[in-house]
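Try each task before you read its solution.

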Amino acid sequence: MVSTIAEADAAAKRSGDPGSASEQAAPGHGGTVRRYVFDALSPDQVTGLRDIGRQISDQVERDRTGTSSAG
């Protein structure tokens, strides 16, 4: 499972994929997000943003599946 943009980029490069479906649907969007969000953040801030995203995703999944919160 790909969990970061960098991992997705690396996976696409390894596969020789000239462009993901999301890149084809919204050309330039990934570069724009990287430039305005990730390039503006320190590595610690990117880690914090990733952790927040995972927490939100976990909560959505718990709500979707009807499981209780673990923490």
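**Exercise 1. Find which residues make the nonpolar surface patch of about 290 Å².**

Step 1. Tyr36, Val37 and Leu49 together form this patch. Patches take residues with over 30% relative accessible area and no salt bridge, joining like charges within 9 Å and nonpolar side chains (Val, Leu, Ile, Met, Phe, Trp, Tyr) within 5 Å.

Step 2. Val37 counts as partly exposed because its relative accessibility is 33%; buried means under 20%, exposed over 50%, and partly exposed in between, with a 1.4 Å probe and protein chains only.

Before going on, a word on the model: it is predicted, so local features need pLDDT of at least 70 and side-chain atom pairs count only at pLDDT 80 or more, while totals for chains, interfaces and linings use all residues. Residues are numbered from 1 along each chain as its sequence is written, and side-chain values use heavy atoms, with hydrogens and water left out.

**Exercise 2. Describe the elements and surface of the protein chain.**

Step 1. The chain holds four helices and zero strands, in the order α-α-α-α from the N terminus. Helices here are DSSP runs (H or I, at least four residues), as are strands (E, at least two), numbered from the N terminus.

Step 2. Of the 71 residues, 3% are buried.

**Exercise 3. Locate the two salt bridges.**

Step 1. Recall that side chains of opposite charge can pair when their charged atoms come close. The rule asks for a side-chain nitrogen of Lys or Arg within 4 Å of a carboxyl oxygen of Asp or Glu.

Step 2. Arg50 pairs with Asp51, with 2.9 Å between the closest N and O atoms. Arg50 is partly exposed at 32%, and Asp51 is partly exposed at 38%.

Step 3. Glu61 and Arg64 make a salt bridge at 2.6 Å, N to O. Both sit in helix α4 (residues 43-65), three residues apart, about one turn of the helix. Glu61 is partly exposed at 36%, whereas Arg64 is exposed at 59%.

**Exercise 4. Compare the span of α4 with the expected value.**

Step 1. The expected span is 1.5 Å times one less than the number of residues.

Step 2. With 23 residues, α4 reaches 33 Å from first to last C-alpha, close to the expected 33 Å.

Step 3. Just beyond α4, Gly66 has a positive phi of about 75°.

How values were computed: Areas by Shrake-Rupley, 256 points an atom, 1.4 Å probe, with all protein chains shown as cover.
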